[in-house]
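Hi,

Here is the structure I promised to pass on. Please have a look at it, and then read my notes below.

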Amino acid sequence: MSATADTYRGALEAVDRIVNRERDAGEVLRRTVEVLHDRFERYSWVGIYLVEGGDLVLGPWKGPQATEHVRIPIGRGICGAAAASGLTEVVDDVNADDRYLACFLSTRSEIVVPVAFEGRVVGEIDIDSDVPTAFGPEDRAFLERVALLVSPHCLAAREKDGAKAGT
Ligand code: SME
């Protein structure tokens with residue numbers, strides 16, 4: 001079943017609360033992924049990738065299985081295409097898209113929403129659905145608002161990881 005207007009509104013309010021009350025950037029991203037995964041039946045697997053140099057590195061995710069694609073070069077796959085262009089990718093039938101990097105056999109459609117901060121892509125929200133053509137204009141508009149809300153936290157989580165890696 002598609003989500004109702006109330007579901008989108010409630011989820012956006014939940015993300016807004018997380019962003020305003022939680023101080024730790026990694027925790028903001030983890031809890032946002034949880035809201036998206038738990039409140040939308042069609043969002044089978046939800047993950048946030050963070051830009052690290054020329055790659056996308058998988059951050060928090062929630063779904064039935066782990067993906068092998070934990071690092072994706074920008075430009076590769078649907079994830080890499082969205083990061084390269086800075087534009088949302090909606091794929092109604094993943095098996096008909098040559099760019100698709102398969103993660104799960106059950107996936108039928110996918111949406112990738114870039115997260116930009118001050119005009120630069122710092123991460124992205126990637127959602128796989130087991131339902132074909134699962135993502136409509138409401139999902140796109142909703143997820144683009146979520147991306148805007150979490151953008152400073154994607155930037156902060158990236159910088160924190162970078163600092164950790166450098167020590
Ligand atoms: N399908 C993505 C790879 C990431 S997995 O869906 C988690 C792609 O084509 O870029």
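Let me begin with the ligand: α3 gives the most residues to the shell around the ligand, three of them. Please keep in mind that this is a predicted model. The space that the ligand takes up is the largest cavity. Besides α3 (77-85), the elements that give two or more residues to the shell are β1 (45-52) and β6 (120-129).

There are 13 residues around the ligand, and those that come nearest are I78, C79, L101, C103 and E110. Sorted by class, the shell has eight nonpolar residues, two polar ones and three charged ones.

A backbone N or O atom of I78 is 2.9 Å from an oxygen atom of the ligand. The side chain of E110 has an N or O atom 2.9 Å from a nitrogen atom of the ligand. For D126, a side-chain N or O atom lies 3.4 Å from a ligand oxygen atom. On its own the ligand has 310 Å² of accessible area, and the protein covers 100% of that.

E118 is not a glycine, yet it has a positive phi of about 45 degrees. E118 sits in the loop between β5 (109-117) and β6, and it is exposed, with a relative accessible area of 74%. T133, also not a glycine, has a positive phi of about 50 degrees. T133 belongs to the loop between β6 and α4 (137-165), and it is partly exposed, at a relative accessible area of 46%.

Best wishes

Conventions:
Residues are numbered from 1 along each chain as its sequence is written. This is a predicted model: local features need pLDDT of at least 70, side-chain atom pairs count only at pLDDT 80 or more; totals for chains, interfaces and linings use all residues. Side-chain values use heavy atoms; hydrogens and water are left out. A residue is near a molecule or strand if one of its heavy atoms lies within 4 Å of it. A polar contact is a pair of N or O atoms within 3.5 Å; within protein, one must be able to donate a hydrogen and the other to accept it, and residues adjacent in sequence count only if both atoms are side-chain atoms. Accessible areas come from the Shrake-Rupley method with a 1.4 Å probe; for residues, only the protein chains shown count as cover. On a 1 Å grid over the protein atoms alone, a cavity is a set of points where a 1.4 Å probe fits but cannot get out, and a pocket is an open set with protein on both sides within 12 Å along at least five of seven lines; lining residues have an atom within 4 Å of a point. A molecule sits in a cavity or pocket if more than half of its atoms lie within 2 Å of its grid points. Helices (H or I, at least four residues) and strands (E, at least two) are DSSP runs, numbered from the N terminus. Ala, Val, Leu, Ile, Met, Phe, Trp, Tyr, Cys and Pro count as nonpolar, Asp, Glu, Lys and Arg as charged, and the others, Gly among them, as polar. Buried means under 20% relative accessible area, exposed over 50%, partly exposed in between (1.4 Å probe, protein chains only).
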